[in-house]
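Below are some notes for a colleague, to be read with the coordinates open.

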Amino acid sequence: MSEPQFLFGLHAVLAALTRKPTPVTTLWVDAGRKDARMREILDAARKAGVSVERVDAQALERLCPGARHQGVVAERIQEAGPEITEADLPDLVGRVASPLLLVLDGVTDPHNLGACLRTADAAGVDAVIVPRDRAAGLTPVARKVASGAAEVVPFVQVTNLARTLDQLKQAGVWIIGTSGDAPQTLYQADLKGPIAIVMGAEGQGMRRLTRSRCDLLVNIPMQGSVSSLNVSVATGVCLFEVVRQRLS
């Protein structure tokens, strides 16, 4: 079965409208907004054959209470098709010469998840892997913060993260975990081969079983008075060090 879901925010809605086939069935827009960004949204809706309803800001607020919708709300059908699971990961990894994976171990804040997805897309990550339980999923908030990346980056929810990491290791992927007490810095590690970067949850970091599966632990050297970075910022630092090494 399929169920409707509201999607909001300019980037997220535009990404959904330009997908083929589009998952959007109805679009509500702020009748008072007539700028270039809104014209781009309306043009994409017309090309996709999506019906548009012009309403006031109060109507949009009723659809998504408390959300920063930026004047656009879409009804999106979440299709119940085959999911990418941990069983599919060896095949997904096998299609890429040197895969780059991002593993988020229990990130619960949808804003952080969305920011990590956006960075993952920018860095060319082949898949983002998260545990199914006690972790954020692709909520409308996560999709909005991701600015369209949630529509293009493979997002894999797994039932057993430790088992998934074992599968990846068997497929030749080097598991690199991040930890403040790691003896080696991120910049000392060789990140050019097939790797999965593992980021811990907000606050407590990686769980014990996740940490034990890592082939290597690295830290981000901190130069100031703060002891750690927000997980989405730390993700950006790690992923773009991978990009730097692979481009050098």
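The numbered points that follow concern a predicted model.

1. The open sheet. Seven strands make up an open sheet with parallel pairing, and their order across it is S7-S6-S5-S10-S8-S11-S9. Strand S7 (155-158) and strand S9 (184-185) are the edge strands, each of them pairing on one side only.

2. The pairing of S5 with S10. Within that order, strand S5 (residues 100-105) runs parallel to strand S10 (residues 195-200), and six bridges join the two. For orientation when inspecting this pair, Val 103 can be found opposite Val 198 in S10.

3. From S6 to S7. Strand S6 (residues 127-131) is paired in the parallel sense with S7 through four bridges, and here Pro 131 stands opposite Val 158 in S7. The chain reaches S7 from S6 by way of helix H6 (residues 140-146), in a β-α-β crossover that is right-handed.

4. S2 and S3. Strand S2 (residues 24-30) and strand S3 (residues 51-55) are likewise described by a parallel pairing, in this case over five bridges, with Arg 54 in S3 as the bridge partner of Val 29. Together with helix H2 (residues 36-48), S2 and S3 make a β-α-β unit that is right-handed. Six of the seven residues of S2 are buried, and the strand is therefore largely enclosed by the rest of the structure.

5. H1 against H2. Helix H1 (residues 10-17) packs on H2 with the axes 9 Å apart and at an angle of about 20 degrees, which means that H1 is roughly parallel to H2, since angles under 35 degrees are classed in that way. The crossing of H1 past H2 is left-handed. On the H1 side the contact is made by Leu 10, His 11, Val 13, Leu 14 and Leu 17, which meet Arg 37, Glu 40, Ile 41, Ala 44, Ala 45 and Ala 48 in H2.

6. Burial of H1. Which residues of H1 are buried? They are Leu 10, Ala 12, Val 13, Ala 15, Ala 16 and Leu 17, and with six of its eight residues buried the helix is mostly covered. Leu 10, Val 13 and Leu 17 are listed among these buried residues and also among those that meet H2. In general, an α-helix has 3.6 residues a turn, so residues three or four places apart point the same way.

7. H9, the sheet and H5. Helix H9 (residues 231-247) lies across S5, strand S8 (174-178) and S10, and its direction makes an angle of about 160 degrees with S10. The axis of H9 also comes within 9 Å of the axis of H5, the two crossing at roughly 10 degrees, so that H5 counts as roughly parallel to H9. Residues of H5 in this contact include Asn 112, Cys 116 and Thr 119, while those of H9 include Thr 235, Leu 239, Phe 240 and Val 243.

8. Asp 121. Is Asp 121 buried, partly exposed or exposed? This residue, found in helix H5 (residues 110-123), has a relative accessible area of 40% and is therefore partly exposed. If residues up to four places away in sequence are set aside, Asp 121 touches Ala 149, Val 152 and Val 153. The C-alpha atom of Asp 121 is separated by 12 Å from that of Val 243, although these residues lie 122 residues apart along the chain.

Terms used. Residues are numbered from 1 along each chain as its sequence is written. This is a predicted model: local features need pLDDT of at least 70, side-chain atom pairs count only at pLDDT 80 or more; totals for chains, interfaces and linings use all residues. Side-chain values use heavy atoms; hydrogens and water are left out. Buried means under 20% relative accessible area, exposed over 50%, partly exposed in between (1.4 Å probe, protein chains only). Two strands pair if DSSP finds at least two bridges between them. A crossover is right-handed if, with the strands pointing away from the viewer, the path from the first strand over the helix to the second runs clockwise. Contact means heavy atoms within 4.5 Å. Axes are lines fitted to C-alpha atoms, for helices over the stretch in contact, and angles run from 0 to 180 degrees between N-to-C directions. Angles under 35 degrees count as roughly parallel, over 145 as roughly antiparallel, 65 to 115 as roughly perpendicular and the rest as oblique. A crossing is left-handed if the near helix is turned anticlockwise from the far one by less than a right angle, and right-handed if clockwise.
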